[in-house]
Amino acid sequence: MALRNIREEGDPVLYKVCKPVKEVTPRIKELIEDMFETMYEANGVGLAAPQVGILKRIFVIDTTGEDPHVFINPTILETSGEQTGAEGCLSVPGKSGIVTRPNYAKIGAYDENMEYFELEGTELLARAICHENDHLDGHLYVEKVEGDLFDPTEYMEEIEEDEE
């Protein structure tokens, strides 16, 4: 396994539509392992292949640190409800923005063994599914931000002050 460089906003690869995966080769398995290692090292909860420069329809998510999921050729099957909150991205380091997304998402995808599965998620998992799936179509969350981007550290300090 190896850490991969995370592409940042402005890199042309982040704005391209990814190609479907036809089969899981040893190189794809290595990519998936590297994506998890890179995501964990960067303290992220999700990472899409284009974020490491690979235009394949793959992303990984682990919202708890103990429940990793691999999504190959994913399709969002259903969404409902709405949640509005701060969102960030490893490709837009040091910034967050307020984004409204579905509060529920159901996704169909293939795992690292090309076995089909469906997964339902709410709250953070639903947000992560929608966020990472957007990457596969060349979209970043900054396109959906309501208002300006901000430093998440300062934002959390303000929330803590408000609670005192």
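Visitor: Which residues line the second largest pocket?
Guide: Its lining is made of Arg4, Thr25, Arg27, Ile28, Glu30, Leu31, Ile54 and Lys56. The model is a predicted one, in which local features need pLDDT of at least 70 and side-chain atom pairs count only at pLDDT 80 or more, while totals for chains, interfaces and linings use all residues. Residues are numbered from 1 along each chain as its sequence is written, and side-chain values use heavy atoms, leaving out hydrogens and water.

Visitor: What makes this a pocket, and what makes a residue part of the lining?
Guide: On a 1 Å grid over the protein atoms alone, a pocket is an open set of points where a 1.4 Å probe fits, with protein on both sides within 12 Å along at least five of seven lines; a lining residue has an atom within 4 Å of a point. Arg4 is on the list, so it has such an atom. The volume is about 180 Å³, counted as the space filled by probe spheres set on points joined across faces, edges and corners.

Visitor: How is that lining divided by class?
Guide: Three residues are nonpolar, one is polar and four are charged. Ala, Val, Leu, Ile, Met, Phe, Trp, Tyr, Cys and Pro count as nonpolar, Asp, Glu, Lys and Arg as charged, and the others, Gly among them, as polar. Lys56 therefore goes with the charged ones.

Visitor: What is the volume of the largest pocket, and which residues are closest to its centre?
Guide: That pocket has about 290 Å³. Of its 16 lining residues, Val45, Gly88, Cys89, Leu90 and His131 are the closest to the centre. Strand 4 (83-88) and helix 2 (123-136) are the elements giving two or more residues, and helix 2 has the largest share, with five. By class there are seven nonpolar, six polar and three charged residues.

Visitor: Why is Asp34 called buried?
Guide: Asp34 has 3% relative accessibility, so it counts as buried; the cut-offs are under 20% for buried, over 50% for exposed and partly exposed in between, with a 1.4 Å probe and protein chains only. Asp34 sits in helix 1. Apart from its neighbours within four places in sequence, it is in contact (heavy atoms within 4.5 Å) with Met1, Ala2 and Arg4.

Visitor: How do you know that strand 6 and strand 7 pair?
Guide: Pairing needs at least two bridges found by DSSP. Strand 6 and strand 7 have seven, in the antiparallel sense, so they pair. Strands are DSSP runs of E with at least two residues, helices are runs of H or I with at least four, and both are numbered from the N terminus. Gly108 faces Glu118 in strand 7. In the hairpin, five residues lie between the strands, and Met114 takes a positive phi near 60°.

Visitor: What is the strand order of the open sheet?
Guide: Its five strands run 1-2-3-6-7, with antiparallel pairing. Strand 1 (46-48) and strand 7 are the edges, each pairing on one side only. Strand 3 and strand 6 share six bridges, and Thr75 has Gly108 as its partner.

Visitor: Where does helix 1 lie?
Guide: Helix 1 (residues 26-41) lies across strand 1, strand 2 and strand 3, at about 40° to strand 2. Axes are lines fitted to C-alpha atoms, for helices over the stretch in contact, and angles run from 0 to 180 degrees between N-to-C directions. Helix 2 also packs on the sheet, making about 160° with the direction of strand 2.
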